[in-house]
Amino acid sequence: MRIEVVTLFPEFVAEAVRVGVLGRAIERGTVAVNATTPREFATDVHKSVDDRPYGGGPGMVMTIEPARTSIRAAKARLPAGSRSVYLAADGAPLTHAKAQELAKLPGLLLLAGRYEGVDERLIQSEIDESVSIGDYVLSGGELPALVLIDAVVRLLPGVLGDEASAIEDSFVAGLLDWPHYTRPEVFEGQAVPAVLVGGNHAAIRRWREQQALGRTWLRRPDLIEKLALTAEQQRLLKEFLAEPK
Ligand SMILES: COc1ccccc1CNc1ccc(C(N)=O)cn1
């Protein structure tokens, strides 16, 4: 998969993707991430990329040009079937399902806005869809673009060492994650749940499912509502809720 990020801070994006799982996926050639700035296409002596908003108000707006030229140059580097995404708080929520959908594409163009955003006509002419990583406003679309890249790339085949860890990601099952433990087995008197230390894999699977159900019920009732729990899941949840905390 090829990802082109159009941003006023390409070095920030390029540096951030060199870390960890993303960095390894790039080294392996599973994904290529390229960041470019509209500033390289600015024609005026000040290399300006923004201007004052019509209608007045605070802040600046990214102008159609040179952003459009940089977007078209980036699109020319992407395979057919690629999609362009604008990161903005008023976009469609980034969910696991959306990440899975984007992970199937041959390429992505991600436009990271700055200032108060970009001229609406640029979005209309060059962007397929807007995506939001949450109901809050940031100073730029670069961090949302990096969040989207991470959520998508980790789903690509071979990126995660153990495929299971992607599948186990709770949002795949629509549930929150279960608690994780590692050595030491007892820390300041707090022991790891005995079931995890024993070798009974069926009991461990059951305990993890129960924890995921219980935690989702307690922390994200909105997610539970969307699920049609099986009889077994309902039993596990009831048992979890009956346990003294
Ligand atoms: C004032 O900033 C803008 C105004 C308009 C568009 C983009 C930006 C860049 N900022 C962003 C971008 C995305 C998200 C998100 N929730 O995904 C939050 N902030």
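## A walk from the ligand outwards

Start by selecting I133 and the ligand: a backbone N or O atom of I133 sits 2.8 Å from an oxygen atom of the ligand. Keep in mind as you go that this is a predicted model.

Then pick Y115, where a backbone N or O atom is 3.5 Å from an oxygen atom of the ligand. How much of the ligand does the protein bury? Taken alone, the ligand exposes 440 Å², and the protein buries 90% of that.

Now bring up the whole shell.

### Two pairs of helices

Two packed helices are described by the angle between their axes and the distance between the axes, so look out for both values at the next stops.

Select residues 96-103 for helix α4 and residues 142-153 for helix α6. Their axes are 8 Å apart, and the helices pack at an angle of about 75°. That is why α4 and α6 count as roughly perpendicular to each other. Show the side chains where they touch: from α4 you want A99, L102 and A103, and from α6 the partners are L148, A151 and V152. Colour this contact by type and you'll find 6 nonpolar residues, with no polar and no charged ones.

For the second pair, select helix α10 (residues 201-219) and helix α12 (residues 231-242). These two pack at an angle of about 70°, with 9 Å between their axes. So α10 is roughly perpendicular to α12. Which residues make the contact? On the α10 side, show R206, E209, Q210, Q211, L213, G214, R215, W217 and L218; on the α12 side, show Q233, R235, L236, L237, E239, F240 and L241. Colour the contact of α10 with α12 by type as well: it divides into 7 nonpolar, 4 polar and 5 charged residues.

### Backbone details

Zoom in on E65 and P66. A cis peptide bond joins them, with omega at about 10°. P66 belongs to helix α3, which covers residues 64-76.

Next, jump to R183 and P184. The peptide bond from R183 to P184 is also cis, and omega is near 5°. You'll find P184 in the loop between α8 (170-173) and β8 (186-187).

Finish at K47. Phi of K47 is near 50°, a positive value in a residue other than glycine. Where is K47? Look in the loop between β2 (32-36) and β3 (50-51).

Notes
Residues are numbered from 1 along each chain as its sequence is written. This is a predicted model: local features need pLDDT of at least 70, side-chain atom pairs count only at pLDDT 80 or more; totals for chains, interfaces and linings use all residues. Side-chain values use heavy atoms; hydrogens and water are left out. A polar contact is a pair of N or O atoms within 3.5 Å; within protein, one must be able to donate a hydrogen and the other to accept it, and residues adjacent in sequence count only if both atoms are side-chain atoms. Accessible areas come from the Shrake-Rupley method with a 1.4 Å probe; for residues, only the protein chains shown count as cover. Axes are lines fitted to C-alpha atoms, for helices over the stretch in contact, and angles run from 0 to 180 degrees between N-to-C directions. Helices (H or I, at least four residues) and strands (E, at least two) are DSSP runs, numbered from the N terminus. Angles under 35 degrees count as roughly parallel, over 145 as roughly antiparallel, 65 to 115 as roughly perpendicular and the rest as oblique. Contact means heavy atoms within 4.5 Å. Ala, Val, Leu, Ile, Met, Phe, Trp, Tyr, Cys and Pro count as nonpolar, Asp, Glu, Lys and Arg as charged, and the others, Gly among them, as polar.
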